[in-house]
Amino acid sequence: MDFSSYFKVLATLCLLSLSIISTNAQLSPNFYSKSCPNLFSTVKPVLQSAINKEKRIGASLVRLFFHDCFVNGCDGSILLDDTSSFTGEKTANPNRNSARGFDVIDNIKSAVEKACPGVVSCADILAIAARDSTVTLGGPSWNVKLGRRDAKTASLSAANNGIPPPTSNLNQLISRFNALGLSTQDMVALSGSHTIGQARCTTFRARIYNETNIDTTFAQTRRSNCPRTGGDANLAPLDLQTPTSFDNHYYKNLVAQKGLLHSDQVLFNGGSTDAIVQTYSNGQGNFFSDFVSGMIKMGDISPLTGSQGEIRKNCRIIN
């Protein structure tokens, strides 16, 4: 390669690096400090009221943020309703009859629109709701990076293929998280969000009847409300001990072979992630620290910024 070609390549790489840096730099905890200074104090009471009515909704909102970010980035696409000419992500296999909390996001959006009309994106509201839900249920806090804009489209196929199913093995989980820039440690820490919330019988039936790496008494308990046939929508807590408290019991359960989902127990099954699970089981502080790091990194996945996308007036429909 001659010098002129070399410098052209070098210049191109520098521009690409600056582009990536500038995109991430546009997300900031202080993004709305001037345009919507009361944003956090507007969101919090609406969310608090929803969790007071039903603690499970906190887990549902954290899950919504995951399912949004894992499909073409954190762009609020999961919030879009289907129309006669548009198919969104709500009917994708990981979301159908399962994703919930959309009405809470609507209520938060309404409150925020009254305080700061046309300023705050639905994607950012979802990110704040995930953080505040975690804190309200006893988990760690972090400075949410903001400045995302809302997608004008969604992808049913990407939602069907991009969100790891509960049947995933360890390699599949690691591969999917790595593809999004999340490390194996991020994956194990973020899986700890299953310390809150519930799962439907259809997602864990095969585990409690067919798998051997499961505590016998635990399996029997779960079978009482999840028959071999029927009862697909029957619910069970992901963490039997403290299903509405954000703590490290999830990892203690894995060590005791009491993970509810197949994709939970594979994190502690003689594989490469056993040591991380053991560390989190022994010390909640380590889990909280790594969970915060993982949530911030996940929130950085492919945001729409600047003039991309839009600020939706209604989170369910494009302007």
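The chain exposes about 14,300 Å², and carbon and sulfur atoms supply 52% of this area; accessible areas come from the Shrake-Rupley method with a 1.4 Å probe, and for residues only the protein chains shown count as cover. This is a predicted model, in which local features need pLDDT of at least 70 and side-chain atom pairs count only at pLDDT 80 or more, while totals for chains, interfaces and linings use all residues. Residues are numbered from 1 along each chain as its sequence is written, and side-chain values use heavy atoms, with hydrogens and water left out.

**Overall form**

- The secondary structure comprises 14 helices and two strands; helices (H or I, at least four residues) and strands (E, at least two) are DSSP runs, numbered from the N terminus.
- A compact globule of 319 residues would have a radius of gyration near 20 Å, and the chain agrees with this, having 20 Å. The radius is taken over C-alpha atoms, and the globule rule is 2.2 Å times the number of residues to the power 0.38.
- The C-alpha trace spans about 65 × 55 × 40 Å along its principal axes.
- Of the 319 residues, 49% count as buried; buried means under 20% relative accessible area, exposed over 50%, and partly exposed in between (1.4 Å probe, protein chains only).
- Among contacts with a separation of 6 or more, 75% come from residues 24 or more positions apart. Contact means heavy atoms within 4.5 Å.

**Charges and salt bridges**

- There are 30 positive and 24 negative side chains, and the centres of the two sets lie 3 Å apart. Lys and Arg count as positive and Asp and Glu as negative, whereas His and the chain ends are not counted; the place of a charge is taken as NZ of Lys, CZ of Arg, CG of Asp or CD of Glu.
- A salt bridge is a side-chain nitrogen of Lys or Arg within 4 Å of a carboxyl oxygen of Asp or Glu. By this rule the chain has eleven salt bridges.
- Asp 81 forms a salt bridge with Lys 90, their closest N and O atoms being 2.4 Å apart. Lys 90 is buried, at 16% relative accessibility, while Asp 81 is partly exposed, at 23%.
- Asp 81 also forms a salt bridge with Arg 316, with 3.3 Å between the closest N and O atoms. Asp 81 lies in the loop between α3 (56-69) and α4 (102-115) and Arg 316 in the segment after α14 (284-299), so this pair ties together parts 235 residues apart in sequence. Arg 316 is partly exposed, with a relative accessible area of 24%.
- Arg 205 and Asp 232 meet in a salt bridge of 2.8 Å, N to O. This pair links distant parts of the chain, 27 residues apart: Arg 205 is in helix α9 (residues 201-210) and Asp 232 in the loop between α10 (216-223) and β2 (235-237).
- Salt bridges that share partners join Asp 81, Lys 90, Asp 106 and Arg 316 into one network.

- Asp 132, in helix α5 (residues 122-136), is buried at 10% relative accessible area. Leaving aside neighbours within four places in sequence, Asp 132 is in contact with Val 43, Lys 44 and Leu 47.
- Phe 246, in the loop between β2 and α11 (249-255), is buried at 2% relative accessibility.
- Not counting residues up to four places away in sequence, Phe 246 touches several residues, including Phe 287, Phe 288 and Phe 291.
- Pro 140 is 106 residues from Phe 246 along the chain, yet their C-alpha atoms are separated by 8.5 Å.
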